[in-house]
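My entries follow the model.

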Amino acid sequence: MKVGVVTFPGSLDDVDAQRAVRMGSNEAVALWHGEHDLKGVDAVILPGGFSYGDYLRCGAISRFSPVMTEVIEAARKGMPVLGICNGFQILCESHLLPGALIRNDHRKFVCRDQRLRIENTRTPWTSAYDDGVEVTIVLKNGEGGFVADDETLDRLEGEGQVLARYLDVNPNGSLRDIAGITNARGNVVGLMPHPEHAVEDLTGAGTDGLGFFTSLAVAALA
Amino acid sequence: MPRVVVDVMPKSEILDPQGKAVLGALPRLGFSGVTDVRQGKRFELELAGELTDETLEQVRRMAETLLSNPVIEDFVVHVPGAEPAQVSGP
């Protein structure tokens, strides 16, 4: 599959994401925030970073960039979209995912190897994982506290839209230990930890993140 | 040139870590008696032309579309000097 990775001004992890896409046996295509062009890709990744300097609110300006008009339309038609960290914030600001991400409750930037449980393996981004598997994926954020009203949280849990949950410690004050969610349709996924940094033993805490990038190939063959 | 102000505040049920940090700093500086601090944002918009109900409605749409995130924040639109506030947030 052709997987587009959007670069916004202030994106940090776009090149890592492209590399992870290739390691997952997919073709990485660079997309530019200022263009109304998805270049014929089959899926899109919004990478981590500090797009538009996190001005106003994280993701608030990026959400209105030209490429996002196309991403939002494609996502509504069912295209797989994965937002990692800042990408998750952009998806919430775009209203493609419910809730919002606020400053960590302890007010410090957090960077750690985070234990997670993958709770939804029915999405095109998580189909390579076994249901309920526990993994370690790098987490690094300053504004990663997932919040939503109780009704929304109940719905997310009731409908199986909680994609991943923090184990051992809650690193940022996210309600109900939520690390990642998906939309009702299951094509849009937002995740605070960084699977693109967990694809090689050389540079991180193992390769548990690789599944997010091999899942698409599995989905394409299915 | 009319000026319109939009005040954006975190919803009361949403944790405000920045306000908590300020609250923690005040006693260390010798200021006592403050029981809570909430931190928000103030936008001052300079508008072209006359201020009408229509332009105020447009500012309200700006506030709910871009200036605030209705999931976590409330906003109030007001015109300095005009009392009481002419337009309020949801």
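**Entry one: the largest pocket.** I looked up the largest pocket, and its volume is about 500 Å³. I noted what a pocket is here: on a 1 Å grid over the protein atoms alone, an open set of points where a 1.4 Å probe fits, with protein on both sides within 12 Å along at least five of seven lines. Grid points are joined across faces, edges and corners, and the volume is the space filled by probe spheres set on the points. The lining has 27 residues, and A:R57, A:E143, B:Q18, B:K41 and B:E73 are the closest to the centre. A lining residue has an atom within 4 Å of a point. Two or more lining residues come from each of α3 (86-93) and β5 (100-102) of chain A, and β1 (3-10) and α1 (17-28) of chain B. These helices (H or I, at least four residues) and strands (E, at least two) are DSSP runs, numbered from the N terminus. I sorted the lining by class: 13 nonpolar, six polar and eight charged residues. Asp, Glu, Lys and Arg count as charged; Ala, Val, Leu, Ile, Met, Phe, Trp, Tyr, Cys and Pro as nonpolar; the others, Gly among them, as polar.

**Note on the model.** This is a predicted model; local features need pLDDT of at least 70, side-chain atom pairs need 80 or more, and totals for chains, interfaces and linings use all residues. Residues are numbered from 1 along each chain, chains are lettered from A in the order written, and side-chain values use heavy atoms, without hydrogens and water.

I found 14 lining residues, with A:V147, A:A148, A:D149, B:I14 and B:V71 nearest the centre. Helix α4 (residues 150-158) of chain A gives the largest share, three residues.

The contact (heavy atoms within 4.5 Å) takes 13 residues from chain A and 16 from chain B. The two chains bury about 1300 Å² between them, 71% of it on carbon and sulfur atoms. Buried area is the accessible area (1.4 Å probe) lost on being put together, summed over both parts. Which residues of chain A lose the most area to chain B? They are A:L56, A:R57 and A:R107, together 40% of what that side buries.

I found one salt bridge across the interface. B:E73 pairs with A:R57, and their closest N and O atoms are 3.8 Å apart. The rule asks for a side-chain nitrogen of Lys or Arg within 4 Å of a carboxyl oxygen of Asp or Glu.
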